[in-house]
Amino acid sequence: MADSTIITSQYVQIDQTPASIGERILARVIDIILITIYFFAALMVIGTTETGTKLLGDNGLNIFLIILTLPVFFYSVLWEVFNQGQSPGKKILGIRVVMKDGTTPGLNAYLLRWLLLLVDLHITQFVGIICIALTKNNQRIGDLAAGTLVIKEKNFRKINVTLDEFRHLNTDYRPVFPQAENLSLEQVNLINQTLFRYDADRPQHVHELGVKVREFLHINPPVNNEALLQTLIRDYQYYALEEI
């Protein structure tokens, strides 16, 4: 699937590629193989033969088997919670679970995905695969319910870099123009495009846009138009980040 662009309410543009159905299936197969290896390795350590029964007793062996099964049962959710959305299979395939806006899922989202994995794969078997194949962003039922996506790892790095752009807004920053909060996403995007164009007509475009912005926001600070536009962008980001 081609890259899809998402612009969040915090004015973060994310270009991300959902993991393909093949990548998701292969990641699951790798995880199943690792689970199987773990399970049989543990059984070999304790043994299910008469030696193991003698060492632990019947009750002890049953308790051990229950304890042995717990990591298998909670495998997916534990790995995703403690490894930023990646099981070993996802790590090997270079894919990761994120929220639809590109942020890291919370515990509730991970738990909901895990609970509905029973529906996606174990109870109704192939309904999850069918759902992935039919949805726009390759989401299974658990993803749709939790608001998550599985994306390619390269895009998660892009998201981190994009968010780094806001680090200049420290806790001591105070907006200069409260009117910036009322700017629309399209208007802020236009200001950004004007500031980041590097051609012979740039000064003229900056001047014309600065004049229009002063009229639109009813402000006339004693600064040049470029400084005004840059300040408005920072102020807009400040108000946007307050919503996080």
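Author: A patch is made of residues with over 30% relative accessible area and no salt bridge, and nonpolar side chains are joined within 5 Å. The structure discussed here is a predicted model.

Reader: Which residues form a nonpolar patch on the surface?

Author: The patch has about 480 Å² of accessible area together. One of its members, Leu34, is found in helix H1, residues 21–46. The patch is formed by Ile25, Leu26, Val29, Ile33, Leu34 and Ile37.

Reader: Does Leu34 count as buried or partly exposed, and at what relative accessibility?

Author: Buried means under 20% relative accessible area and exposed means over 50%, with partly exposed in between. Leu34 therefore counts as partly exposed, at a relative accessibility of 34%.

Reader: How many helices and strands are there in the protein, and what share of its residues count as buried?

Author: The protein has eleven helices and four strands. It has 244 residues, and the share of them that count as buried is 41%.

Reader: Which residues of helix H9 are buried, and where do they lie around the axis?

Author: Helix H9 spans residues 185–195, and its buried residues are Val188, Ile191, Asn192, Thr194 and Leu195. Because these residues cover an arc of only 165° around the axis, they lie on the same side of H9.

Reader: Which residues is Val213 in contact with, leaving aside its neighbours within four places in sequence?

Author: Val213 is among the members of the largest core that touch the most others. With those neighbours left aside, its contacts are His218, Leu228, Leu229 and Leu232.

Reader: How far apart in space are Val127 and Ile141, C-alpha to C-alpha?

Author: Val127 is found in helix H6, residues 127–134, and it counts as partly exposed because its relative accessibility is 28%. Not counting residues up to four places away in sequence, Val127 touches Val119, Asp120 and Ile141. Val127 and Ile141 are 14 residues apart in sequence, and their C-alpha to C-alpha distance is 8.3 Å.

Definitions and conventions:
Residues are numbered from 1 along each chain as its sequence is written. This is a predicted model: local features need pLDDT of at least 70, side-chain atom pairs count only at pLDDT 80 or more; totals for chains, interfaces and linings use all residues. Side-chain values use heavy atoms; hydrogens and water are left out. Buried means under 20% relative accessible area, exposed over 50%, partly exposed in between (1.4 Å probe, protein chains only). Helices (H or I, at least four residues) and strands (E, at least two) are DSSP runs, numbered from the N terminus. The arc is that of the directions from the helix axis to the C-beta atoms. Patches are made of residues with over 30% relative accessible area and no salt bridge: like charges are joined within 9 Å, nonpolar side chains (Val, Leu, Ile, Met, Phe, Trp, Tyr) within 5 Å. Accessible areas come from the Shrake-Rupley method with a 1.4 Å probe; for residues, only the protein chains shown count as cover. A salt bridge is a side-chain nitrogen of Lys or Arg within 4 Å of a carboxyl oxygen of Asp or Glu. A nonpolar core is a set of buried Ala, Val, Leu, Ile, Met, Phe, Trp, Tyr and Cys residues joined through side-chain atoms within 4.5 Å. Contact means heavy atoms within 4.5 Å.
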